[in-house]
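I opened my notebook to look up a few things in one protein model. I start with the whole chain and then go to single residues.

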Amino acid sequence: MTNLQILKGNRYELGPRERHVFTFEHVSVWEFGDNFFFFDVSNPDQEETSLYGEYAPSLSLGKIFGRDFSFGAIKDLRLTAGFEFGKGYRTFLYGAGVDLALPRFTFFKVNLCARDTADVEGVTWQATLIWLAPLHFRSAKFLFGGFADFAGREGQRASNQLTAPQFLLDVGSFWGRPGSFFAGVEYQYWRNKFGVRGVTENAAQAMVRFNL
């Protein structure tokens, strides 16, 4: 699945206070795992245009070994990796994760990784939650998705927590094209943004998403 997102918000920290962001996102599944990547382009019509991206592949142990690793709420075990990049910024992640089978959720993933930022002394840890749940209210269809990152202290950078839940209405379902066009809001909360102690971001962003 590939989609294009457009977000607009204000009250951002460490950069322009008001931003509009174009996001290109892709998720795909293959024989032994899955791939996920996205690119953000912020304020493309201004001098402070910035580019940021992430690539996060994972390997399913159940698919690799042809075994059922499910136990209780655990559906599968995975090996995970990640690469985050932007201007003057590179971070590598590697670790493991579990897929959970939770009621009403299309998926709920938990990853625990080592986190190594280039040009920053030391290596730390990062725990990540990723989820998606469909919701219905009468004839209206919604998606509740998002992620939460919890990262430890690394060099002079403080531990930080970032979460970005999304609540989207399936607008396309009203004209016979469900899953094609969504509109709603994404809320971003980032404590100690970029590891800068005392900088906390609270930013609500209007959002539209087109599935390509």
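These are my entries, in the order I looked things up.

**Entry 1: the whole chain**

I noted at the start that this is a predicted model. I looked up the secondary structure of the protein chain and found one helix and 14 strands. Next I checked the overall dimensions. Along its principal axes, the C-alpha trace spans about 45 × 40 × 25 Å. I then asked what radius of gyration a compact globule of 212 residues would have. The rule gives a value near 17 Å, and the protein chain has 18 Å, which agrees.

**Entry 2: inside and surface**

I looked up burial. Of the 212 residues in the protein chain, 39% are buried. The chain exposes about 12000 Å². Carbon and sulfur atoms supply 62% of that area.

Residues 24 or more positions apart account for 42% of them.

Then I turned to charge. The protein chain has 22 positive and 22 negative charges. Their mean positions lie 6 Å apart.

**Entry 3: strand E4 and its partners**

I followed strand E4, residues 50–55. Strand E3 (residues 33–42) runs antiparallel to E4, and six bridges join them. E4 is also joined to strand E6 (residues 74–86), by four bridges, again antiparallel.

Which residues are the bridge partners of tyrosine 52? In E4, tyrosine 52 is the partner of aspartate 40. In E6, the partner of tyrosine 52 is glycine 86.

**Entry 4: serine 50**

I stayed in strand E4, where serine 50 is found. Is serine 50 buried, partly exposed or exposed? Its relative accessibility is 35%, so serine 50 counts as partly exposed. I left aside the neighbours within four places in sequence and listed the contacts of serine 50: Asp40, Val41 and Ser42.

I also looked up a distance. Serine 50 and arginine 153 are 103 residues apart in sequence. In space they are 25 Å apart, C-alpha to C-alpha.

**Entry 5: strand E14**

I moved on to strand E14, residues 200–211. E14 pairs with strand E1 (residues 2–9) in the antiparallel sense, over seven bridges. Here lysine 8 stands opposite alanine 206 in E14. E14 also pairs with strand E13 (residues 181–191), antiparallel over 11 bridges. I picked out alanine 183, and its bridge partner in E14 is valine 208.

Next I looked at the side chains. In a regular strand they alternate between the two faces of the sheet. Which side chains of E14 point to the buried face? Glu201, Ala203, Gln205, Met207, Arg209 and Asn211 point to one face and are buried.

I looked up arginine 104. This residue is found in the loop between strand E7 (89–100) and strand E8 (107–117). Arginine 104 has 74% relative accessibility, so it counts as exposed.

Then I looked up aspartate 119. Where is aspartate 119 placed? Aspartate 119 is in the loop between E8 and strand E9 (124–137). Its phi is near 70°, a positive value, and the residue is not glycine. Aspartate 119 is exposed, with a relative accessible area of 78%.

Methods:
Residues are numbered from 1 along each chain as its sequence is written. This is a predicted model: local features need pLDDT of at least 70, side-chain atom pairs count only at pLDDT 80 or more; totals for chains, interfaces and linings use all residues. Side-chain values use heavy atoms; hydrogens and water are left out. Helices (H or I, at least four residues) and strands (E, at least two) are DSSP runs, numbered from the N terminus. The radius of gyration is taken over C-alpha atoms; the globule rule is 2.2 Å times the number of residues to the power 0.38. Buried means under 20% relative accessible area, exposed over 50%, partly exposed in between (1.4 Å probe, protein chains only). Contact means heavy atoms within 4.5 Å. Accessible areas come from the Shrake-Rupley method with a 1.4 Å probe; for residues, only the protein chains shown count as cover. Lys and Arg count as positive and Asp and Glu as negative; His and the chain ends are not counted. The place of a charge is taken as NZ of Lys, CZ of Arg, CG of Asp or CD of Glu. Two strands pair if DSSP finds at least two bridges between them.
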